[in-house]
Amino acid sequence: MTVFRVKHQKNYTVINNFICTDNRLSWKAKGIWLYAFYRPDDWIFHMSDLMNQSTDGRESVRSGLKELEEYGYLHREQCKDINGKYDHAEWSFYETPQELKKLVPQTGNTFTE
């Protein structure tokens, strides 16, 4: 087998290979993740931008994002303005899955008698 490689000086993306073997994810979710790592660090993500970059519609993009959230590759947090109204969403993408922390109320006493 012959592999022809180019010298990478610009216009390429370096990714962690872990996601390539994560068979819990669809190719759609992996593609969205790859697009996220292609963008600059200060990029602001919008659903409309993701839909404009592929042939997938709204529901397809939503399901891909849901997969990424479910398996710890994406965290989205809704931010509010000073009046408590929805302002925007902060999207954080991770190279490897992050542990999902369940929101469980903690009590002072962990033992019951």
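In the predicted model, the secondary structure of the protein chain amounts to 3 helices and 2 strands, and these elements follow one another from the N terminus in the order α-α-α-β-β. The chain holds 113 residues, of which 22% are buried. Its exposed surface comes to about 9600 Å², with carbon and sulfur atoms supplying 50% of that area. When contacts between residues at least 6 apart in sequence are considered, 48% of them join residues at least 24 apart.

The largest nonpolar core comprises 17 residues, and the members that touch the most other members are Leu 50, Leu 65, Leu 68, Trp 91 and Phe 93. At least two residues of this core come from each of helix 1, helix 2 (47-52), helix 3 (58-70) and strand 2 (86-93), and helix 1 makes the greatest contribution, with 5 residues. The surroundings of Leu 68 can be described in more detail: with neighbours within four places in sequence left aside, Leu 68 is in contact with Leu 25, Ala 29, Ile 32, Trp 33, Tyr 73, Leu 74 and Phe 93.

Charged side chains were examined next. Side chains of opposite charge can pair when their charged atoms come close. The model contains 3 salt bridges. In one of these, the side chains of Arg 24 and Asp 22 meet with an N to O distance of 2.7 Å. The two partners fall into separate classes of accessibility, since Asp 22 has a relative accessibility of 6% and therefore counts as buried, whereas Arg 24, at 39%, counts as partly exposed.

A further salt bridge joins the side chains of Arg 62 and Glu 59, at 3.4 Å from N to O. Both residues belong to helix 3, where they are 3 residues apart, a spacing of about one turn of the helix. Glu 59 counts as exposed because its relative accessibility is 54%, while the value of 40% for Arg 62 places that residue among the partly exposed.

The remaining pair consists of Arg 76 and Glu 69, whose closest N and O atoms are 2.8 Å apart; the side chains of these two residues are also recorded as making a polar contact, at 2.8 Å. Glu 69 is located in helix 3. Relative accessibilities of 29% for Arg 76 and 24% for Glu 69 mean that Arg 76 counts as partly exposed and that Glu 69 likewise counts as partly exposed. Glu 69 can also be placed relative to Gln 98, which is 29 residues away along the chain, with a separation of 9.5 Å between the two C-alpha atoms.

Lys 30, which lies in helix 1 (residues 27-38), is buried but has no salt bridge, and the nearest side chain of opposite charge, that of Asp 22, is 6.6 Å away. This distance exceeds the cut-off, which requires a side-chain nitrogen of Lys or Arg to be within 4 Å of a carboxyl oxygen of Asp or Glu. Residues up to four places away in sequence not being counted, Lys 30 touches Ile 19, Cys 20, Asp 22 and Leu 25.

Apart from neighbours within four places in sequence, Glu 67 is in contact with Arg 24, Leu 25, Ser 26, Lys 28 and Ala 29.

Finally, the backbone of Asn 11 was considered. Asn 11 occurs in the segment before helix 1, and its phi angle is near 60 degrees, which is a positive value in a residue other than glycine. Asn 11 has a relative accessible area of 78% and is therefore exposed.

Conventions. Residues numbered from 1 in each chain as written. Predicted model: local features only at pLDDT ≥ 70, side-chain atom pairs only at ≥ 80, totals over all residues. Heavy atoms only, no water. Helix = DSSP H or I, 4+ residues; strand = E, 2+ residues; numbered from the N terminus. Buried < 20%, exposed > 50% of the residue type's maximum accessible area, 1.4 Å probe, protein only. Contact = heavy atoms within 4.5 Å. Areas by Shrake-Rupley, 256 points an atom, 1.4 Å probe, with all protein chains shown as cover. Lys, Arg positive; Asp, Glu negative; His and termini not counted. Core = buried A, V, L, I, M, F, W, Y, C linked by side-chain atoms within 4.5 Å. Polar contact = N/O pair within 3.5 Å; in protein donor to acceptor, adjacent residues only side chain to side chain.
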